[in-house]
Amino acid sequence: MMILLLVAATIYFMSGKLGDGLFLTAAIVFQTSISLYQYSRSKNALEKLKDFSQPNCKVIRNGKIEEIKSEALVVGDSLMVEEGSLITADGSIVHSNDFSVNESILTGESFAIFKDKDNADKAIYSGTTVASGLAIASITAIGNETRLGKIGKSLESIDEEKTPLEIQIVNFVKRMAIVGIAVFAIVWAINYWHDRNLMNSLLPSLTLAMSILPEEIPVAFTTFMALGAWRLMKMGIVVKQMKTVETLGSATVICTDKTGTITENKMSLAKLFLLGSNTISSPTDAPSSNEIDLVTLAMWASEPIPFDPMEMALHETYKQIALADERPNYKLVYEYPLGGKPPMMTHVFENSSGHKIIAAKGAPEALMQVAQNLTPTQKQHTEAALQLLATDGYRVLAVGLAQFSGTNYPEKQQSLPFELVGLVAFYDPPKKNIQKVLEDFYDAGIAVKIITGDNAATTVAIAKQIGFRDYEKTITGEELMALNDDALKTCVMETSIFTRMFPDAKLKIINALKANNQIVAMTGDGVNDGPALKAAHIGIAMGKKGTEIAKQAASLILLEDDLSKMVTAVAMGRKIYTNLKKAIQYIISIHIPIILTVFVPLALGWAYPNIFSPVHIIFLEIIMGPTCSIIYENEPMEKHTMQQRPKALTSTFFNWKELSTSIVQGLAITAGTLFIYQYAVANGYNEALTRTMTFTTLITANVFLTLINRSLYYSILSTLRYKNHMVLLIILITVALVALMLFVHPFTVFFEFETPNPAQLLMATGVGFVAVIWFEMVKLIKRAKGWNKPDGAGHGRAVLTAAN
């Protein structure tokens with residue numbers, strides 16, 4: 001469009017039409033300003049998103065732990081990294097505890113490497129992730145000086161893959177540009193053949209080419225996506241890539257973990273089961289010495305510096321009930337990290353006199369398998385207690401004790417001679433709003449599945465409390481891994497709760513859902529959620545409790561760990577898609593009458609063949625740009641949007657079904673403008689007055705098309721109540737500019753118009769109104785017959801308000 005404007009302005013200057021040339025030059029400046037404004041808005045929105053998605057890190061400064069942005073790290077800082085965190089600088093380990101890292105980003109090897117300050121390789125590297133434990137390292141390199149930074153230069157040349165909708169828009173605009181070039185060449189050749197004047201034949205051809213090119217569409221797409229991401233950020237939802245905004249409205253399945261997403265993640269030690277006495281009690285009810293011993297043993301099986309909510313609860317309870325705090329007297333001398341299926345972990349502590357405590361905790365099934373003291377009766381008692389506690393919604397861990405005198409510990413913790421001591425049960429209450437969140441997902445046609453590492457009984461108990469559908473359909477990770485591909489595809493569609501899950505099983509679920517043509521959203525917060533988050537169409541990490549690994553793998557971050565924000569995100573995704581669709585349909589509808597009103601008189605040799613010149617077309621473009629990019633971008637969500645089925649990710653605006661409405665509307669407006677044209681000619685009006693009435697008809701149709709296409713289902717009377725201040729502003733500006741052109745003499749002369757009398761003005765505006773208002777009858781028939789009306793339309797006001 002800029003090239004066409006420059007060529008047209010040059011021709012005007014060469015022809016001595018200084019005013020027209022200056023107007024087009026001003027139009028170039030205006031169009032450039034609009035483009036730069038939209039670009040800067042989009043760029044600023046994305047820069048803010050980039051700031052939000054930067055990883056934080058913990059440092060020890062002046063003896064205190066501080067959380068800072070990774071970019072604030074300096075060489076010499078003491079960086080503290082723990083399980084699940086992303087290492088943000090190169091450093092050398094000065095202290096570690098069961099510390100292992102995944103360096104696959106540098107080495108390509110996916111297994112974890114254990115490191116400590118005594119290793120030959122005690123270095124940690126930026127970009128790698130902590131697989132287990134905790135370490136404190138002294139920073140040796142930051143930014144581009146890190147090992148990853150030196151490699152990272154090669155990533156700058158990699159182009160980001162375009163989304164399906166982006167590709168469709170680019171292809172459509174390219175096709176229209178090719179059509180414009182072809183029509184330009186043909187019309188130029190015809191005009192030049194007739195009058196043999198190069199300059200005079202160029203202008204009508206340029207006018208037609210300008211009318212064909214829909215340059216507003218890619219601008220609207222970029223603006224809608226970038227500002228949509230910015231609006232989501234203001235709601236506490238950080239979108240790391242613009243293409244995620246496009247995908248949000250298509251989500252068909254949401255896979256969520258239980259702890260911290262469905263529940264509060266506020267663990268409290270609620271119940272104790274002692275194997276020796278076969279009793280269940282509360283740790284706060286004057287605990288006996290045996291109960292204190294059970295809590296103490298569970299505490300020794302936890303990390304010395306706890307960060308897991310259950311381990312923090314054990315340390316806190318121990319501090320409250322222990323007769324004397326023995327923790328300063330013991331040192332961790334050996335440990336087995338969490339491992340096995342089901343998982344367990346073991347710690348070996350020793351005091352200065354050589355007394356050892358070998359404590360283990362983990363899934364009850366894991367400890368029961370290795371415990372050597374269990375009689376059949378005790379096993380039955382333990383299973384009964386486990387079932388009772390789990391059915392009440394408690395999260396249950398078993399606690400074991402081993403005696404081992406040597407220092408040559410076995411390779412696997414399961415080989416130690418464990419005795420089962422008892423069970424500890426934690427309560428993590430469901431979030432207060434989770435039932436409403438689930439209802440909103442179900443209303444939106446989105447299936448919800450729980451994927452958790454917890455056992456089936458506990459998960460089902462919580463699911464019952466929150467109104468989760470089909471909670472009786474469960475499967476474990478081991479059972480899932482045993483299925484063949486066909487059975488797996490069926491299973492993931494029919495099953496709602498997946499328990500005792502591990503990373504490979506989670507990834508298999510996501511891939512199986514995708515194989516069923518589902519658009520999958522997956523929530524996660526832990527290290528083991530990374531692969532599944534990366535594989536999902538929409539990976540959702542939690543901003544507060546989420547590990548940096550999860551945040552880096554995800555495409556979207558919920559800053560407040562609130563799943564209800566995901567309902568808002570889906571609503572926003574659907575709103576953006578719907579509004580973009582309205583904008584594109586408007587652009588196509590209004591371009592058709594512009595093209596045909598320019599082309600038909602020229603091609604058919606009517607009385608005034610050059611009814612519009614480039615200055616008229618550019619004026620229309622100046623009006624259309626803000627209309628599609630500002631009015632429709634600010635439109636609120638229609639009330640039925642969250643009761644519709646998710647749209648297919650491959651759906652397009654550019655098929656016959658979608659385009660037919662725009663084409664018919666455009667042809668109706670064309671009929672109106674050409675009718676006024678012929679009416680003016682038949683009444684003997686001169687070219688200036690004919691141009692004025694035709695242009696007024698087109699502008700009137702544009703104004704009412706803007707209002708009517710705000711909804712393709714609800715009436716204009718309903719949409720007038722929508723809260724969008726931009727509508728009135730843009731329309732008032734349009735009307736004011738047209739009034740200047742028609743009634744202020746210098747402008748009237750410049751645009752080659754003639755001031756119409758009231759009857760002529762009424763005729764032109766009336767035809768423009770009628771050329772568009774007929775579509776209200778189509779909408780009335782739709783509403784009367786219930787076409788396209790989803791079940792339950794009119795509900796979901798809370799979601800609507802949040803998305804707006």
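**Exercise 1. What is the order of the strands in the open sheet of seven strands, and in which sense do they pair?**

*Conventions.* This is a predicted model, in which local features need pLDDT of at least 70, side-chain atom pairs count only at pLDDT 80 or more, and totals for chains, interfaces and linings use all residues. Residues are numbered from 1 along each chain as its sequence is written, and side-chain values use heavy atoms, with hydrogens and water left out.

*Solution.* 
1. Strands are DSSP runs of E with at least two residues, helices are runs of H or I with at least four, and both are numbered from the N terminus. Two strands pair if DSSP finds at least two bridges between them.
2. The order is β11-β10-β16-β15-β14-β13-β12, with antiparallel pairing.
3. β11 and β12 (330–339) are the edge strands, each pairing on one side only.
4. Direction ignored, neighbouring strands are turned by 20° against each other on average.

**Exercise 2. Describe the surroundings of strand β10 (residues 268–274).**

*Solution.* 
1. On β16 (residues 418–427), β10 pairs in the antiparallel sense over six bridges; here L272 stands opposite V424.
2. To β11 (residues 279–281), β10 is joined by three antiparallel bridges, and L272 stands opposite S281.
3. The hairpin of β10 and β11 has four residues between the strands, and N278 in the turn has a positive phi of about 55°.
4. V424 of β16 is also the bridge partner of L397; β15 (residues 395–402) and β16 are joined by eight antiparallel bridges.
5. Helix α9 (residues 289–300) lies across strands that include β10, at about 120° to β10, where the angle is taken from 0 to 180 degrees between N-to-C directions of axes fitted to C-alpha atoms, for helices over the stretch in contact.
6. Helix α12 (residues 376–391) lies across β10, β11, β15 and β16, at about 10° to β16.

**Exercise 3. Characterise the packing of helix α5 (residues 164–195) on helix α6 (residues 198–212).**

*Solution.* 
1. The two axes come within 8 Å and cross at roughly 155°.
2. That angle makes α5 roughly antiparallel to α6, a term used for angles over 145 degrees.
3. Contact means heavy atoms within 4.5 Å. Among the residues making the contact are F184 and W188 of α5 and L202 and L206 of α6.
4. By class, the contact has 14 nonpolar, five polar and one charged residues; Ala, Val, Leu, Ile, Met, Phe, Trp, Tyr, Cys and Pro count as nonpolar, Asp, Glu, Lys and Arg as charged, and the others as polar.

Note on methods:
Parallel < 35°, antiparallel > 145°, perpendicular 65-115°, else oblique.
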